[in-house]
Amino acid sequence: MRVIGVDPGLRQMGWGVIDHAPGGRLSHVASGVVTTKTGDLAPRLLLLVEGLREVIALYRPDVASVEKTFVNRDPAGALKLGHARAVALLAPAEAGLPVSEYAPNEVKKTVVGVGHADKEQVAHMVRLLLPGAAPATPDAADALAIAICHAQHAGPALKIKSSRKVAS
């Protein structure tokens, strides 16, 4: 099973692709970020969805996992993050992938063992769990952690019935 994890963000949307083999073995495929610059919201969202579509087309995951939004004290910031989450949910759904969502604390607890781990701890455990992985940014490391979380929760017996749409 190939899993793409997505860490939604408006400036940097992290993505990470892993393979989950029978027996629970995990291996790193690729990771990175789709980056936008400040400016009008609509063109930034377009860059995010186009970038995520390219990653999905290139790596052909079987399933997608996306981090849920946590409570934000800044309503405008929360709304902008909500737009980025919509992109993170839309692109894989558009490709016919099943999409699962995980709370940040659930991801951290699964990968690190502690629900309130910091970004450095998450990145360290991602590198330990995925030999050869060297995520370039914390967002890419978080995306790999989200993919790992899904692989751990999905279990090795999960059978995927993907109804992918052919990209035109």
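1. Let's start with the salt bridges: the structure holds four of them. The term stands for a side-chain nitrogen of Lys or Arg within 4 Å of a carboxyl oxygen of Asp or Glu. Please keep in mind that this is a predicted model, in which local features need pLDDT of at least 70, side-chain atom pairs count only at pLDDT 80 or more, and totals for chains, interfaces and linings use all residues. Residues are numbered from 1 along each chain as its sequence is written, and side-chain values use heavy atoms, with hydrogens and water left out.

2. One of the salt bridges joins arginine 2 and aspartate 19, whose closest N and O atoms are 2.7 Å apart. Arginine 2 sits in strand β1 (residues 2–7) and aspartate 19 in strand β2, so this pair links distant parts of the chain, 17 residues apart. Helices (H or I, at least four residues) and strands (E, at least two) are DSSP runs, numbered from the N terminus. Arginine 2 is partly exposed at 23% relative accessibility, and aspartate 19 is partly exposed at 24%. Here buried means under 20% relative accessible area, exposed means over 50%, and partly exposed is in between (1.4 Å probe, protein chains only).

3. Another salt bridge brings together the side chains of glutamate 94 and arginine 53, at 2.6 Å from N to O. This pair also links distant parts of the chain: glutamate 94 is in helix α2 and arginine 53 in helix α1, 41 residues apart. Glutamate 94 counts as partly exposed at 33% relative accessibility, and arginine 53 counts as partly exposed with a relative accessible area of 35%.

4. Look next at aspartate 142 and lysine 119, a salt bridge with its closest N and O atoms 2.3 Å apart. Aspartate 142 belongs to helix α5 (residues 138–154) and lysine 119 to helix α4 (residues 119–129), so the pair ties together parts that are 23 residues apart in sequence. Is aspartate 142 buried or exposed? Aspartate 142 is buried, at 11% relative accessibility, whereas lysine 119 is partly exposed at 43%.

5. Helix α5 deserves a look of its own. With 17 residues, α5 reaches 24 Å from its first C-alpha to its last, close to the 24 Å expected at 1.5 Å a residue; the expected span is 1.5 Å times one less than the number of residues. Of the 17 residues of α5, 13 are buried, so this helix is largely enclosed by the rest of the structure.

6. How many aromatic pairs are there? The count comes to one, where rings of Phe, Tyr and Trp (its six-membered ring) pair if their centres lie within 6.5 Å, and planes under 30 degrees apart are stacked, over 60 edge-to-face and the rest tilted. The partners are tryptophan 15 and tyrosine 59, a tilted pair at 5.7 Å centre to centre with 35° between the planes. Tryptophan 15 lies in strand β2 (residues 12–20) and tyrosine 59 in helix α1 (residues 41–59), so the pair ties together parts that are 44 residues apart in sequence. Tryptophan 15 is buried, with a relative accessible area of 9%, while tyrosine 59 is partly exposed at 21%.

7. Tryptophan 15 turns up again in the largest nonpolar core, which has 22 residues; Trp15 is among those that touch the most other members, together with Ile4, Val6, Met13, Leu48, Leu52 and Ile56. Such a core is a set of buried Ala, Val, Leu, Ile, Met, Phe, Trp, Tyr and Cys residues joined through side-chain atoms within 4.5 Å. Helix α1 gives the most to this core, with six residues. A second, separate core of 19 residues includes Leu26, Val63, Val111 and Ile146. In soluble globular proteins, nonpolar side chains tend to be buried together.

8. Arginine 85, found in helix α2 (residues 75–94), is buried, with a relative accessible area of 13%. A polar atom of the arginine 85 side chain lies 2.9 Å from the backbone oxygen of glutamate 67. Leaving aside neighbours within four places in sequence, arginine 85 is in contact (heavy atoms within 4.5 Å) with residues including Pro8, Val66 and Glu101.

9. Finally, the whole picture: the protein has five helices and five strands, in the pattern β-β-β-α-β-α-β-α-α-α along the sequence. Of its 168 residues, 42% count as buried.

Terms used: A polar contact is a pair of N or O atoms within 3.5 Å; within protein, one must be able to donate a hydrogen and the other to accept it, and residues adjacent in sequence count only if both atoms are side-chain atoms.
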